[in-house]
Amino acid sequence: MPSRDEILANYTVFTAVDRRYLKIFSLWLEQFERSGYLPCLRVATFDAESELFVRERGILHVAIDERVRDPRQLFVARLNEIASLIGSGRNVIHTDADAFWLNPDLPALIREDCDLQISIGHGIPKTALEEWGFTLCCGFFILQTSPAMERFLATWIDKSSRLEDDQIALNDLLLEHGLRWEGDDGSQTTGSCPPLGLTVGAISHDVISREDAGPGVQIYHPYLSSTSESNKLLQLKARVEPTSLRRTYARLRLALNVPAWPGILRGMGRQALRRARTALATRG
């Protein structure tokens, strides 16, 4: 278990943002700053607007070529930056800019004997869902630097480039190499993948949740039921604003936003279906 000072000294918190997500990123940053790990933060920016945003706030960042506009290329560009950090000897905590840090206890969360710790979901790829009862979700993961991790990242980047999706590539690689889940302590399911030389930890949805921001949840990474950034932002504000008054105000604005209702209802339906699948998998 690393101490807080050891995390500050040896870990980089890495995320990425472009102009389309700046308002959501601003809300994320407000939450993240409360964690006390701002000195660890490094942001990949994909355009001039996002670069200006983080530079004005004095945040360490790396500017990715603005010509990289295809989302499928962004996944690979992000992994390349993470590989560079690992190669420099830094451990990496990757977080999507909509995976909200509510109250993470990183010293307790980080298992230094796990090469890869990662959040779980119930989406893609279906092959992992059918085999394990969950999928590994790239919205939040922790990597420990090592030669084995450097080799794995090179393989992961190559497969991500060919499949044009980092999450499908990761799950497929671990399935192909016979990852075996061997223990569950309630907060993490741990497995080993000897052909890749990796130990993997799947972090419980009670710790990193895609469903709710209830008590005990440290990272909240919600499914957002809209293609509109403004509607997504309202949904987030209704759940993660720091005071009940601000959350109530956001919920009122969301309730009055009639055009957003169909998307929200579809999202609620998908969420109910995911919960039902999770319950069935648990019983099985």
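Me: Why is glutamate 176 called exposed?

Reply: Glutamate 176 has a relative accessible area of 51%. Exposed means over 50%, buried under 20%, and partly exposed in between, with a 1.4 Å probe and protein chains only; glutamate 176 is therefore exposed. This is a predicted model, in which local features need pLDDT of at least 70 and side-chain atom pairs count only at pLDDT 80 or more, while totals for chains, interfaces and linings use all residues. Residues are numbered from 1 along each chain as its sequence is written, and side-chain values use heavy atoms, leaving out hydrogens and water.

Me: What makes lysine 159 count as buried?

Reply: Its relative accessibility is 10%, and the limit for buried is the one already stated; lysine 159 therefore counts as buried.

Me: How do you know that lysine 159 forms a salt bridge with glutamate 176?

Reply: The closest N and O atoms of the two residues are 3.1 Å apart. A salt bridge requires a side-chain nitrogen of Lys or Arg within 4 Å of a carboxyl oxygen of Asp or Glu, so the pair of lysine 159 and glutamate 176 qualifies. Lysine 159 lies in helix H7 (residues 147-163) and glutamate 176 in helix H8 (residues 166-176), so the pair ties together parts 17 residues apart in sequence. Helices are DSSP runs of H or I with at least four residues, numbered from the N terminus.

Me: Why is arginine 55 called partly exposed?

Reply: Arginine 55 has 46% relative accessibility, and therefore counts as partly exposed. Its salt bridge is with glutamate 51, at 3.4 Å between the closest N and O atoms.

Conventions
Helix = DSSP H or I, 4+ residues; strand = E, 2+ residues; numbered from the N terminus.
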